[in-house]
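Here are a few exercises to work through with the model open. Try each task before you read its solution.

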Amino acid sequence: MMIFKDKNEPKKGIPYAVQGGIYVGEMLVYIEKTKINYCFISVPKNIVRNIPKDKFIFAVNEKIVEEVDRLPDGIYTILKAQYFYNKKGKLK
């Protein structure tokens, strides 16, 4: 299974299960990227998670983070809206 598309980017709308580390038990849903980070919203905590690209790729390669089935229709739109709401500092 191919987890990344071009340029080693995670797929938008695909949840990634965290199986170890400080975010264990969370599902990370990819929203956007910056120069150095992949930006996710965590479920169920609804917290913005900015993860350095190299660390995310390492976590995927080491099976710390694994792709899960696609989100149900409409859920990505809700999570994306929550991400940008949180990012503006409305919810921390």
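Helices here are DSSP runs of H or I with at least four residues, numbered from the N terminus. Keep in mind that this is a predicted model.

**Exercise 1.** Find the residue just after α1 that takes a positive phi, and give the angle.

*Solution.* Start with the helix: α1 spans residues 53-61. Then step just past α1 to Lys 63, where phi is positive at about 65°.

**Exercise 2.** Work out which residues of α1 are buried and what covers them.

*Solution.* First, pick out the buried ones: Phe 56, Ala 59 and Val 60. They sit on the same side of α1, because the arc they cover around the axis is only 100°. Finally, the cover over the buried residues includes β1, β3 (37-43), β4 (48-52) and β5 (65-67).

**Exercise 3.** Decide whether Ala 17 is buried or exposed, and list what it touches.

*Solution.* Ala 17 belongs to strand β1, residues 15-18. Its relative accessibility is 17%, and the cut-off is under 20%, so Ala 17 is buried. Leaving out residues up to four places away in sequence, Ala 17 touches Glu 26, Met 27, Ile 64, Val 65, Glu 66 and Val 68.

**Exercise 4.** Describe the largest pocket and its lining.

*Solution.* Its volume is about 250 Å³. Of 15 lining residues, Ile 22, Tyr 23, Ile 51, Lys 55 and Ala 59 are closest to the centre. α1 gives the most, 4 residues. By class, the lining has 11 nonpolar, 3 polar and 1 charged residues.

Methods: Residues are numbered from 1 along each chain as its sequence is written. This is a predicted model: local features need pLDDT of at least 70, side-chain atom pairs count only at pLDDT 80 or more; totals for chains, interfaces and linings use all residues. Side-chain values use heavy atoms; hydrogens and water are left out. Helices (H or I, at least four residues) and strands (E, at least two) are DSSP runs, numbered from the N terminus. Buried means under 20% relative accessible area, exposed over 50%, partly exposed in between (1.4 Å probe, protein chains only). Contact means heavy atoms within 4.5 Å. The arc is that of the directions from the helix axis to the C-beta atoms. On a 1 Å grid over the protein atoms alone, a cavity is a set of points where a 1.4 Å probe fits but cannot get out, and a pocket is an open set with protein on both sides within 12 Å along at least five of seven lines; lining residues have an atom within 4 Å of a point. Grid points are joined across faces, edges and corners, and a volume is the space filled by probe spheres set on the points. Ala, Val, Leu, Ile, Met, Phe, Trp, Tyr, Cys and Pro count as nonpolar, Asp, Glu, Lys and Arg as charged, and the others, Gly among them, as polar.
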